[in-house]
Amino acid sequence: MRISDVVFPRRCAGCRDGPWPFCDGCRAELLALQPPWCERCGRPLVVEAQACRDCPDQPLTSARAAFRFEGPARSAIHRLKYAGWQDVGPALARAMATVTPAPGARDARALTWVPLARTRLAARGYDQARVLARGLGREIDLPATRLLRRTVSTGPQARRSGAERRAALRGAFVAAGPSPPVVLLVDDVLTTGATAAACARALMGAGAREVHLIAATRAFRGPLRSPSAGRPMPRRTERRFPPSERRAYTRAGSRPGLWLPEDLPR
Ligand SMILES: [Zn+2]
Ligand SMILES: [Zn+2]
């Protein structure tokens, strides 16, 4: 990788060849998570349901993610996390801003992120979830504020069982101060939701009533059986989501959620 790639990563975040942020070919492979889905966690389902077997742990109130953690979306997250492509954050945040929120999430008046452990922050130089949160904050006119601190590095969670994850995460997050009642929590990848649930527990201990996760991507174990599970992004037409009569996280007076991938994020 050249230095100029780090400073000006203006090529496709999926294949690194086409135009920024996703070329037509990669756009066609982005799998947008859409209804019908689980109302609580946004997992695509054949028919709408209030909860599902993949729902994240309590006390997280709800979860949503823009894309399946596969193909170009997975590449984009890897570039954001490991290759210094910070501009991928605002690009993905545009898509996050257009996902139909869970009931109650529109009432959020605070936006925060799952903080990175100090050691990894020092190695990477920035916190990718914070980059996503700041991008989302610009989209929905809600500034990202630090509400959580990470006390210990928990290491990779992917291969741990549910009980092991919860044990590893016990006390991993503490509230940075009093928490507002309804909080939007941002992360890059939603897997089981154990990390987000640990964050929710800390925020609720500090006064939050509801904590709604919005992630850039979501990883699923095994195939999804649903009409919407693998719906590619349209090749040419823009996805306008939600429809104009429904607002996403946007508050009164702010811009409607509209992701224009051709736009250069600032
Ligand atoms: Zn591409
Ligand atoms: Zn669910």
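Visitor: Leaving aside its neighbours within four places in sequence, with which residues is Val183 in contact?
Guide: This is a predicted model, in which local features need pLDDT of at least 70 and side-chain atom pairs count only at pLDDT 80 or more, while totals for chains, interfaces and linings use all residues. Residues are numbered from 1 along each chain as its sequence is written, with chains lettered from A and ligands numbered from 1 in the order in which they are written. Two residues are in contact if their C-beta atoms, placed from the backbone, lie within 7 Å. With those neighbours left out, the residues in contact with Val183 are Ala108, Ala110, Thr112, Leu147, Leu203, Ala208 and Val211.

Visitor: Is Val183 buried or exposed?
Guide: Val183 belongs to strand E5, residues 182-190. A residue is buried if 20 or more other C-beta atoms, placed from the backbone, lie within 10 Å of its own, exposed if 12 or fewer, and partly exposed in between. Val183 has 28 C-beta neighbours inside 10 Å, so it counts as buried.

Visitor: How far apart in space are Val183 and Ala200?
Guide: In sequence the two residues are 17 apart. From C-alpha to C-alpha, the separation of Val183 and Ala200 is 8.9 Å.

Visitor: How many helices and strands are in the chain?
Guide: Helices (H or I, at least four residues) and strands (E, at least two) are DSSP runs, numbered from the N terminus. Along the sequence they follow the pattern α-α-β-α-α-β-α-α-β-α-β-β-α-β. The count is eight helices and six strands.

Visitor: What covers the buried residues of helix H4?
Guide: H4 spans residues 88-96, and nine of its nine residues are buried. Among them are Val88, Pro90, Arg94 and Met96. The cover includes strand E1 (62-68), helix H3 (71-82), helix H6 (128-140) and strand E6 (210-218).

Visitor: Which residues of H3 and H4 make the contact between them?
Guide: Axes are lines fitted to C-alpha atoms, for helices over the stretch in contact, and angles run from 0 to 180 degrees between N-to-C directions. The axes of H3 and H4 are 9 Å apart, at an angle of about 140°. Angles under 35 degrees count as roughly parallel, over 145 as roughly antiparallel, 65 to 115 as roughly perpendicular and the rest as oblique, and H3 and H4 are therefore oblique. The contact is made by Ala76, Arg79 and Leu80 of H3 with Val88, Gly89 and Leu92 of H4.

Visitor: By class, which residues has the contact of H7 with H8?
Guide: Helix H7 (residues 162-169) and helix H8 (residues 194-205) have axes that come within 10 Å and cross at roughly 40°, which makes H7 oblique to H8. Gly162, Arg165, Arg166 and Leu169 of H7 meet Ala194, Thr195 and Ala198 of H8. Ala, Val, Leu, Ile, Met, Phe, Trp, Tyr, Cys and Pro count as nonpolar, Asp, Glu, Lys and Arg as charged, and the others, Gly among them, as polar. By class, this contact has three nonpolar, two polar and two charged residues.

Visitor: How many contacts does the model have for residues 250-266, beyond near neighbours in sequence?
Guide: pLDDT is the predictor's confidence in each residue, from 0 to 100, and its mean over the chain is 83. Where pLDDT is low, the predicted coordinates should not be read in detail. Over residues 235-247 pLDDT stays under 50, with 18 contacts beyond four places in sequence. Over residues 250-266 it is also below 50, and the contacts beyond near neighbours number 28.
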